[in-house]
Structures are given as C-alpha cells and as structure tokens.
Amino acid sequence: MSTTTENTELLDRVEQALESIRPYLITDGGNVRVVEITSDMIVKLELLGACGSCPMSPMTLKAGVEESIRKACPEIKGVYAINV
C-alpha cells in the first residue's frame with residue numbers, strides 16, 4: 001500500500017471520528033478542521049467558531065476530540081489545536 005493511500009485512509013478515519021462529535025460542537029457554535037497529520041502521528045486541528053475562544057476548549061479537545069480520534073485511530077499519538 002502506498003504512503004498516500006495510507007495517509008488518505010488515516011485521514012478518512014480521523015474525519016469519521018470527528019463526525020461522531022461534530023454535532024455537539026456545532027450545537028455550541030463551534031467546529032474543528034484537520035490541518036495536518038504529521039509523520040509522527042500527531043493530528044493538528046484548527047478550532048473554529050465558538051471553539052476558538054471558549055475557555056473550555058482545552059478540556060473539550062482532550063476529553064472529547066482526542067479521545068474520539070484515538071479510539072478510532074490507535075496509532076495517533078496526540079491531538080493538538082494550532083490556535084489554542
């Protein structure tokens with residue numbers, strides 16, 4: 001399998017994990033966007049809307065977003081927001 005195919009499959013699984021929690025983020029006026037998945041298996045996200053300025057964003061990122069992604073993609077080592 002090519003690296004590009006592996007990256008696409010990993011991105012698809014990350015996006016599916018995010019889709020499971022997006023309704024909750026959107027309800028509170030926020031959302032997330034995948035910026036990059038690094039070669040060392042770190043997902044970099046951009047927090048959008050209310051998520052970008054919410055004081056609870058760090059907790060939501062770790063307890064909700066990262067947990068969902070790591071459950072779907074155990075090879076992911078961490079999830080970071082580029083704008084927190």
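Trainee: Which residue in β3 is the bridge partner of L45?

Mentor: A81 is the partner of L45 in β3. This is a predicted model, where local features need pLDDT of at least 70, side-chain atom pairs count only at pLDDT 80 or more, and totals for chains, interfaces and linings use all residues. Residues are numbered from 1 along each chain as its sequence is written, and side-chain values use heavy atoms, leaving out hydrogens and water.

Trainee: Why are β2 and β3 called paired?

Mentor: Strands (DSSP E runs of at least two residues, numbered from the N terminus) pair if DSSP finds at least two bridges between them. β2 and β3 have 4 bridges, in the parallel sense, so they meet that definition.

Trainee: What makes the β-α-β crossover from β2 through α2 to β3 right-handed?

Mentor: With the strands pointing away from the viewer, the path from the first strand over the helix to the second must run clockwise. The crossover through α2 is assigned as right-handed.

Trainee: Which residues of α2 are called buried?

Mentor: Buried means under 20% relative accessible area (1.4 Å probe, protein chains only). In α2, S57, L61, V65, E66, S68 and I69 are buried.

Notes. Buried means under 20% relative accessible area, exposed over 50%, partly exposed in between (1.4 Å probe, protein chains only).
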